[in-house]
Amino acid sequence: MSDIVCITLNPTLDLSNEVDRVVATHKMRVRNQRQDVGGGGINVARVLVELKGEAGGEADVVVLSGGATGQLLAAALSAMPFKLHILPMQGEVRIAVMVYETETGQEYRFVPEGPVVSAIEIDRVLLALESLPARYMVASGSLPRGAAPDTYARISRIAARAGARFVLDASGEALAAALAEGGIYLFKPSLSELERLVGHSLDVQAAADVASDLVARGKAQVIALTLGADGAMLINAEGRTRLPAILVPVRSAVGAGDSFVGAMVFALSRGQALQRAFRFGLAAGAAAVMTPGTDLCRRADILALYRQACLDTGDPDRLDWVSGG
Ligand SMILES: Nc1ncnc2c1ncn2[C@@H]1O[C@H](COP(=O)(O)OP(=O)(O)OP(=O)(O)O)[C@@H](O)[C@H]1O
Ligand SMILES: [Mg+2]
């Protein structure tokens, strides 16, 4: 049986480039252009596969794809060890552009909103999900334009019917609707996503209060509030755990959130307790910022950072669960 289903309704082709300095008007000669697949659910699946190592295959990828760029996306995805479920759309998969400015170490990210999809196209995805057995359903990323705001709420219901744990990393109206529905197992907001949800700015304490309230009202069982370079906080019915970020050389923040989610779900799916899974996610988030451009996180980095974090918290872990099963 397939373990973890990763859903991406608005995938991207990511083009990353390097330039000495970003300037107006003049042609900028960029170097080291790379092309990658992206989009929340796809990134989470890439992390799962990275953690699984040589054995491969522990991720079903469900994606809406169309147009000539969709063919490039499909070709790239087929080369990865995924169980692929590509559902067609009329629109073209968007192309995101990342530019790394070598003189300053700054990164610029240009992300188009993507195509407009139809209700029928979304319904086809949901139908595909109905027939996929899963222990975890992970929905990550923005909804495409045209998708009804309750799309993630509907996926939450499908997960509930299948007895799967629903994991959500989303924002805006789609997030609000999914929370109104409730029954989310793991919700991973950033501070700004929670701020948008409540409509005003929050400090960490106030954000944790919002999260605790969501847990108390049964909207989500576990909330991992990630705070970028300030680490993360885990909130559930038992209380709150705050962990500082692991200090690493920062190269590119792309995919830190998805790496966090992928690693945390991986650990949970391997039977690890919540606190350890949380720490594992934190290690993967840190590992992700060490890698350039659209590279996510490397297995060896995650394991080394996690092992160190375990020692620091006085909870040594032999990590035998990572390579097993
Ligand atoms: N500069 C950093 N140094 C160390 N760890 C980091 C850094 N930035 C992020 N992380 C780790 O990655 C986790 C997730 O990052 P972050 O909170 O930025 O996610 P996000 O806002 O969802 O990002 P995105 O959606 O852009 O990928 C953080 O909780 C932290 O553990
Ligand atoms: Mg995020």
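This is a predicted model: local features need pLDDT of at least 70, side-chain atom pairs count only at pLDDT 80 or more; totals for chains, interfaces and linings use all residues.
Me: What do the side chains of Asp3 and Arg135 form where they meet?

Reply: Side chains of opposite charge can pair when their charged atoms come close. Here the side chains of Asp3 and Arg135 meet in a salt bridge, with 2.7 Å from N to O. Because Asp3 lies in the segment before β1 (4–8) and Arg135 in the loop between α3 (119–130) and β8 (136–140), the pair ties together parts that are 132 residues apart in sequence.

Me: How many salt bridges does the whole structure hold, and where do Arg46 and Asp36 lie?

Reply: A search of the whole structure finds 18 salt bridges. One of them joins the side chains of Arg46 and Asp36, at 3.6 Å from N to O; Arg46 lies in helix α1 (residues 40–52) and Asp36 in strand β3 (residues 31–38), ten residues apart. Arg46 is buried, with a relative accessible area of 15%, and Asp36 is buried as well, at 10%.

Me: Which residues are linked with Arg276 in a network of salt bridges?

Reply: Arg276 is linked in that network with Arg279, Asp315 and Asp317. Within it, the side chains of Asp315 and Arg276 meet at 3.1 Å, N to O. Asp315 lies in the loop between α10 (299–312) and α11 (320–323) and Arg276 in helix α9 (residues 274–290), so this pair ties together parts that are 39 residues apart in sequence. Asp315 itself is partly exposed, with a relative accessible area of 24%.

Terms used: Residues are numbered from 1 along each chain as its sequence is written. Chains are lettered from A and ligands numbered from 1 in the order in which they are written. Side-chain values use heavy atoms; hydrogens and water are left out. A salt bridge is a side-chain nitrogen of Lys or Arg within 4 Å of a carboxyl oxygen of Asp or Glu. Helices (H or I, at least four residues) and strands (E, at least two) are DSSP runs, numbered from the N terminus. Buried means under 20% relative accessible area, exposed over 50%, partly exposed in between (1.4 Å probe, protein chains only).
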